[in-house]
Amino acid sequence: MANILIIYSTTDGHTHDISLRLQQVIGEGDNSVTLLSVKDDPYVDISQFDKIVVGASIRYGKHSREVYEFIKTNKQLLENKPNAFFSVNVVARKPNKNQPHTNPYLIKFLKQISWQPKELAVFAGRLDYPKYSFWDRLMIRLIMWMTNGPTAPDTVVEYTDWEQVESFGRLVDKM
Ligand SMILES: Cc1cc2nc3c(=O)[nH]c(=O)nc-3n(C[C@H](O)[C@H](O)[C@H](O)COP(=O)(O)O)c2cc1C
């Protein structure tokens with residue numbers, strides 16, 4: 001049995017939903033899986049866990065500041081344990097940008113941090129235009145227009161491949 005932490009950063013809840021699915025899959029083995037938001041628990045003592053998974057969504061081209069800080073603070077402990085990172089973004093809906101080595105955000109992120117995660121994943125995210133503020137809706141529609149995505153203001157679309165999420169969960173179970 002392993003004591004596993006999934007710590008995530010989300011703005012609209014989708015990375016939390018992905019983390020929940022991972023928790024279910026990893027918990028099917030004889031594991032104890034703790035789910036925490038990096039915003040709510042930035043100073044969690046990760047030494048008590050056997051494996052760590054960090055997940056974060058992209059907003060305006062970046063992962064959140066809290067994720068960078070968490071990684072900086074915990075780099076040493078992270079490196080001493082089995083560990084993994086996953087990124088959630090809508091660029092990953094494109095087949096040529098949905099792998100860790102082809103997703104521009106993940107490639108850039110790995111250059112910015114000193115931690116080299118042992119396992120990596122990129123998951124396509126979700127869009128829910130009616131839910132966003134006027135400004136966010138305008139901006140994300142503009143981003144989608146520039147990348148040939150949907151622009152209708154009532155668009156709600158989930159690009160996530162849940163089987164991919166589940167197989168990443170099984171990988172974490174084995175790592
Ligand atoms: C205001 C806003 C800006 C976004 N910026 C980007 C972006 O620059 N690149 C991208 O691929 N996805 C972008 N997204 C899409 C999010 O990554 C996607 O909606 C993801 O599922 C959000 O996960 P979360 O709910 O956990 O925050 C943006 C979404 C919003 C609402």
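1. Helix α2, buried side. The buried residues of α2 are E66, V67, F70, I71, N74 and L78. Buried here means under 20% relative accessible area, exposed over 50%, and partly exposed in between, with a 1.4 Å probe and protein chains only. The model is predicted: local features need pLDDT of at least 70, side-chain atom pairs count only at pLDDT 80 or more, and totals for chains, interfaces and linings use all residues. Residues are numbered from 1 along each chain as its sequence is written, and side-chain values use heavy atoms, with hydrogens and water left out.

2. Helix α2, cover. The cover over these buried residues includes β1 (3–9), β3 (51–57), β4 (83–89) and α3 (104–112). Helices (H or I, at least four residues) and strands (E, at least two) are DSSP runs, numbered from the N terminus. An α-helix has 3.6 residues a turn, so residues three or four places apart point the same way.

3. Helix α2, geometry. The helix spans residues 65–79, 15 residues in total. From first C-alpha to last it reaches 20 Å, close to the 21 Å expected at 1.5 Å a residue. The expected span is 1.5 Å times one less than the number of residues. Yet α2 has a kink of about 60 degrees, centred on T73. The bend at a residue is the angle between axes fitted to the seven residues ending there and the seven starting there. Please look at T73 with both values in mind.

4. Ligand site, residues. Which residues come nearest to the ligand? They are T10, T15, I58, Y105 and R126, of the 21 residues around the ligand. A residue counts as near if one of its heavy atoms lies within 4 Å.

5. A polar side-chain atom of T10 lies 2.5 Å from a ligand oxygen atom. The side chain of S57 has an N or O atom 2.8 Å from an oxygen atom of the ligand. For G13 it is a backbone N or O atom, at 3.1 Å from a ligand oxygen. Taken alone, the ligand exposes 630 Å², and the protein buries 98% of that. Accessible areas come from the Shrake-Rupley method with a 1.4 Å probe; for residues, only the protein chains shown count as cover.

6. N103. This residue sits in the loop between β4 and α3. Is N103 buried or exposed? N103 is buried, at a relative accessible area of 0%. Its side chain reaches the backbone oxygen of K97 at 2.9 Å. A polar contact is a pair of N or O atoms within 3.5 Å; within protein, one must be able to donate a hydrogen and the other to accept it, and residues adjacent in sequence count only if both atoms are side-chain atoms. Leaving out residues up to four places away in sequence, N103 touches N89, V91, A92, K97 and V122. Contact means heavy atoms within 4.5 Å.

7. A124. This residue belongs to strand β5 (residues 119–124). A124 is buried, with a relative accessible area of 6%. A124 and N89 are 35 residues apart in sequence, yet 5.3 Å apart in space, C-alpha to C-alpha. Beyond four places in sequence, the contacts of A124 are H14, V88, N89, A92, R93, Y159 and T160.

8. The start of the chain. M1 lies in the segment before β1. M1 is exposed, at 73% relative accessible area. Its C-alpha is 9.9 Å from that of D173, 172 residues away along the chain. Not counting residues up to four places away in sequence, M1 touches D30, N31, S32 and D50.

9. Positive phi. Two residues to check. Y60, in the loop between β3 and α2, is not a glycine but has a positive phi of about 50 degrees. Y60 is partly exposed, at 44% relative accessibility. N148 lies in the loop between α4 (134–146) and β7 (156–158). Its phi is positive, near 60 degrees, again in a residue other than glycine. N148 is exposed, at 72% relative accessibility.

10. M139 is in α4 and is partly exposed, with a relative accessible area of 22%. M139 and L110 are 29 residues apart in sequence and 26 Å apart in space, C-alpha to C-alpha. R170 is in helix α5 (residues 162–174) and counts as partly exposed, at 43% relative accessibility.
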